[in-house]
Amino acid sequence: MEMLSASITVDQRLSEVDIQGSMAYAKALEKAGILSKTELEKILSGLEKISEEWSKGVFGVIQTDEDIHTANERRLKEPPS
């Protein structure tokens, strides 16, 4: 079923747009008091590193990455490489 619903091979070109949207959402959560300034900075730093990985062509897509957002989210949770 994963192979049928996965769009990662098609939407990799949307990586930067997804990252920018995630950054904006994190900033909104901090402004609403849901994230601390420290949490926001950690998330933004991680997303910037992920953006660099995509632009350098070293981002590692894995089979369980259903779409670009789940791939970026997974990578954000992983330890830095």
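Guide: A residue counts as buried when its relative accessible area is under 20%. The model under discussion is a predicted one. By that criterion, 31% of the 81 residues of the chain are buried.

Visitor: What makes Ser 22 a buried residue?

Guide: Buried means under 20% relative accessible area. Ser 22 has a relative accessible area of 18%, and therefore counts as buried. Ser 22 lies in helix 3. Setting aside residues up to four places away in sequence, Ser 22 touches Leu 47 and His 69.

Visitor: Why is Asp 18 called buried, although it is a charged residue?

Guide: Asp 18 stands at 16% relative accessibility, so it is counted as buried. Asp 18 is also placed in helix 3. Apart from neighbours within four places in sequence, Asp 18 is in contact with Ile 68, His 69 and Asn 72.

Visitor: Why is Val 10 called neither buried nor exposed?

Guide: Exposed requires over 50% relative accessible area and buried requires under 20%, with partly exposed in between. Val 10 has a relative accessible area of 49%, so the term for Val 10 is partly exposed. Val 10 belongs to helix 2, which covers residues 8–11. From the C-alpha atom of Val 10 to that of Glu 48, 38 residues apart along the chain, the separation is 22 Å.

Visitor: How do you know which elements make up the fold, and in what order?

Guide: The chain contains five helices and zero strands. Read along the sequence, the pattern is α-α-α-α-α. The C-alpha atoms fill a box of roughly 40 × 25 × 20 Å along the principal axes.

Visitor: What makes helix 3 and helix 4 roughly antiparallel?

Guide: Helix 3 (residues 15–31) and helix 4 pack at an angle of about 175°, their axes being 10 Å apart. Angles over 145 degrees count as roughly antiparallel, and helix 3 is therefore roughly antiparallel to helix 4. Helix 3 contributes residues to this contact that include Ile 19, Ser 22, Met 23 and Ala 26, while those of helix 4 include Leu 40, Ile 43, Leu 44 and Leu 47. By class, the contact of helix 3 with helix 4 has nine nonpolar, three polar and five charged residues.

Visitor: Why are helix 4 and helix 5 described as oblique?

Guide: The axes of helix 4 (residues 37–56) and helix 5 (residues 68–77) come within 10 Å and cross at roughly 120°. Roughly perpendicular runs from 65 to 115 degrees, and roughly antiparallel begins over 145. The angle falls between these ranges, so helix 4 and helix 5 are oblique to each other. Their crossing is right-handed.

Visitor: Which residues bring helix 4 and helix 5 into contact?

Guide: From helix 4 come Ile 43, Gly 46, Leu 47, Ile 50, Glu 53 and Trp 54, and these meet Ile 68, Asn 72, Arg 75 and Leu 76 of helix 5. This contact divides into six nonpolar, two polar and two charged residues.

Visitor: What share of contacts in the chain joins residues at least 24 apart?

Guide: Among contacts between residues at least 6 apart in sequence, that share is 59%.

Visitor: How much of the accessible surface belongs to carbon and sulfur atoms?

Guide: The accessible surface of the chain comes to about 5,800 Å², and 58% of that area belongs to carbon and sulfur atoms.

Notes
Residues numbered from 1 in each chain as written. Predicted model: local features only at pLDDT ≥ 70, side-chain atom pairs only at ≥ 80, totals over all residues. Heavy atoms only, no water. Axes fitted to C-alpha atoms, helices over the stretch in contact; angles between N-to-C directions. Helix = DSSP H or I, 4+ residues; strand = E, 2+ residues; numbered from the N terminus. Parallel < 35°, antiparallel > 145°, perpendicular 65-115°, else oblique. Left-handed = near helix turned anticlockwise from the far one by under 90°. Contact = heavy atoms within 4.5 Å. Nonpolar A, V, L, I, M, F, W, Y, C, P; charged D, E, K, R; others polar. Buried < 20%, exposed > 50% of the residue type's maximum accessible area, 1.4 Å probe, protein only. Areas by Shrake-Rupley, 256 points an atom, 1.4 Å probe, with all protein chains shown as cover.
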